Structures are given as C-alpha cells and as structure tokens.
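Please look over the sequence and the model first.

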Amino acid sequence: MISSLRQPSISISGSDVVLRKRHATLIQPQPQSFLPLLSRGKSLRSVVSLKKPLHLACIGVGNFGSVEKFESDESFGKSDLVKCGAYEGDRSEVEGGGGASSEAAKKVKIGIYFATWIAEAPKTDLEFWKTLFPVAVAHTIGHVAATVSMSKVAVSFTHIIKSGEPAFSVLVSRFVLGESFPVPVYLSLLPIIGGCALAAVTELNFNMIGFMGAMISNLAFVFRNIFSKKGMKGKSVSGMNYYACLSILSLVILTPFAIAVEGPAMWAAGWQTALSEIGPQFIWWVAAQSIFYHLYNQVSYMSLDEISPLTFSIGNTMKRISVIVSSIIIFHTPIQPVNALGAAIAVFGTFLYSQAKQ
C-alpha cells in the first residue's frame, strides 16, 4: 500500500515528539519509537523537508510474535509494529523495496535506450567540412557511377571491374602525386589488369555504359582515398562519425543534380513502373538495400579503426569473391569458364597487391 502526503510548507523534525502528537493513536510511547530522542536543551532542527510530495509505503509488519495472526483484530495489540518507508515524489521507488512494476519499467527503459542508440556527435568545425568537401564529391561520383554500371550490366561484372581499383590507385599516385612503389607492387598490377580485361572481353552481356561506369567509379574512389589521407590528418573523428558526415555532405551535393537531371516527374514515373513490374515488395527491397548498403560502408570505415591493414585487405578480397559468386547464383547470371577465370585472376591480383603494399 502506498499513500501520498503533500504538505509543501511544513517540515518534520528529528524528534519523536512530533510524531507522537500527530499520530497518538497509532504510535505508542517511547518503546515503539523509530527515531532517536534529541536533547531537550537543544533546539529542534528539521531533517525532512516536505516541499515535494512525500509517499509512504508499507514495507513490513512485525509484532515480535506471530505474523500469521495479523489479520485477526484480536491479535493486533499494543506490541504490534507497522514498518513504513518514505520517499519523495520525484524518486522512482522506495529504497530497498523494488517490485515487479519497477523491474518492468527498467526493462522498458533499457529497451528504449537500445532502440534509440545514438552515437556521440563528432566535434567538427568549418575547416573540417571544407576538408571533407572534395572527399564527398569523389564519394558521390563513385557511388553514382557504380549504380549506373549495375543498372546496365550484371552485378558480378561490375564488381569484377571494380576489383581493378588498385591499378588506378598506383597509376594516379605515380603520375599525379609523384609517389613511387616497390617492384612487387607494379608486378601485382599485371594479373589485375589482365584478369579484368579477360573478363570484359568474354562478358556475354557487355555494355559500354556499364563498363565505363565501373571504371569511373574506380577512379573516383581512388581520389576519395587520396583526399581522405591528405585532408583528414590530425582530425579526431571516428570511422563511424566520419562516414556519417561524408554521407550527409554527399546527399547535399547530389540532391540538386538529381533534381536537375531527372526531377520529380521522372521519379514518379519510375516508381510506378517499378511497382507494376515488381509489385509492392519493391518498397521493401529498396528499404533493405538502403539499410544494408549503409551498414556495409559504415562497418567498413569502422573496421579501419579496429583491425590491421592486412586483415582489412584479406576481408576486402573475400568480400569481392562473395559478392561476385553470390550475385551469379542469385541472379542466374550466365558465365563462361574463361570469364570466370578472368575474374579469379583479377581478384587474386588484388590480394597480391594488398600484400605487396604491406
């Protein structure tokens, strides 16, 4: 049983005298007092303020004898005691009390915390966003070009061509930035270039727009990496927050171009066409793609903070293999043995490149 007592202007002193006067019928003289007696020579000081509501809760009953007969009127005598606990109105529960309702409330609160888990906001300034701008431009071009490529050719073919990104990285760094690399790095480019060329020549559904989209994506991501390394030195931003800021700025850059090139009219027409050809599940496919694609990129950036470059390169190679193989199986993409050999050579060359750069 819980009762509420609201007396905003009074206070309870530490003496049992006040309690005896106000509750003479319930609390007997000194043997039943819970509060210590104060010296009569000293003034009484307030120890509990009732500026806030005071809730009283029955915690236990004791009569120094049998508690089983407590419900009987005859058994409840002068020696019986009722122990109560009090807590202010802004407290969540009685100290030491607990209960099923409070435990359920805690679980609900924890569930809300997990459902709305938000990362700590990064500390950024104008200089940070200026440095991030060229990275976001390259990031936007790379993703748009890759999307265009996958709309024209098989997903597996796009990723085969994208496995040639290390070749672009070496060439751009060598002729644009003037960097030099060990001989093994240059040698590792041979299987990459040769494998991609073999896969492109033997591709059954070759499309020039799809091929160029994958190539432009490679080049854009190389410049993105270069801008990131040069501009983000000394910036204390975690991988997850960095990718979040990059995505936000990329959206700001892409939106006006999307409106100018396509516009709401084309979006509406494309949406209706997709619904008529695929059905209502098209909405769920778009939602799932957005979530998993974002998680894929976010986890990739977060991994750079936690694992070694060697482990990351091995994981990146395995990712290429899994994407190519799974896309062939899921979409039933026809592939010739020579085409598969070219893909394998290109991916293996990418792995050799990552080892040569260690």
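This is a predicted model: local features need pLDDT of at least 70, side-chain atom pairs count only at pLDDT 80 or more; totals for chains, interfaces and linings use all residues.

Residues are numbered from 1 along each chain as its sequence is written, and side-chain values use heavy atoms, with hydrogens and water left out.

**Overall make-up**
- The protein has 12 helices and 5 strands, taken as DSSP runs numbered from the N terminus (helices: H or I, at least four residues; strands: E, at least two).
- Of the 358 residues in the protein, 30% are buried, that is, under 20% relative accessible area with a 1.4 Å probe and protein chains only.
- Counting contacts (heavy atoms within 4.5 Å) between residues at least 6 apart in sequence, 78% join residues at least 24 apart.

**Confidence**
- The mean pLDDT (the predictor's confidence in each residue, from 0 to 100) is 75 for the protein, and 66% of its residues reach 70 or more.
- Confidence is lowest in helix α1 (residues 16-22), with a mean of 44, and highest in helix α3 (residues 126-152), at 92.
- The pLDDT is below 50 over residues 1-50, a stretch with 60 contacts in the model beyond near neighbours in sequence.
- Residues 63-79 also have pLDDT below 50, and this stretch has 15 contacts beyond near neighbours in sequence.

**Helix α5**
- Helix α5 (residues 165-175) is mostly covered, with 8 of its 11 residues buried.
- Its buried residues include E165, P166, F168 and V172.

**H139**
- H139 lies in helix α3 and counts as buried because its relative accessibility is 3%.
- Its side chain makes a polar contact with the side chain of R224 (3.1 Å); such a contact is a pair of N or O atoms within 3.5 Å, one able to donate a hydrogen and the other to accept it, and residues adjacent in sequence count only if both atoms are side-chain atoms.
- Leaving aside residues up to four places away in sequence, H139 touches F221, R224, Y243, L246 and S250.

**Cavity**
- The structure holds 1 cavity of 30 Å³ or more, a cavity being a set of points on a 1 Å grid where a 1.4 Å probe fits but cannot get out.
- The largest cavity has a volume of about 50 Å³, volume being the space filled by probe spheres set on the points.
- Among the residues lining the largest cavity are S156, F157, L204 and N339; lining residues have an atom within 4 Å of a point.
- Helix α4 (residues 155-162) gives the largest share of this lining, 3 residues.

Methods
On a 1 Å grid over the protein atoms alone, a cavity is a set of points where a 1.4 Å probe fits but cannot get out, and a pocket is an open set with protein on both sides within 12 Å along at least five of seven lines; lining residues have an atom within 4 Å of a point. Buried means under 20% relative accessible area, exposed over 50%, partly exposed in between (1.4 Å probe, protein chains only).
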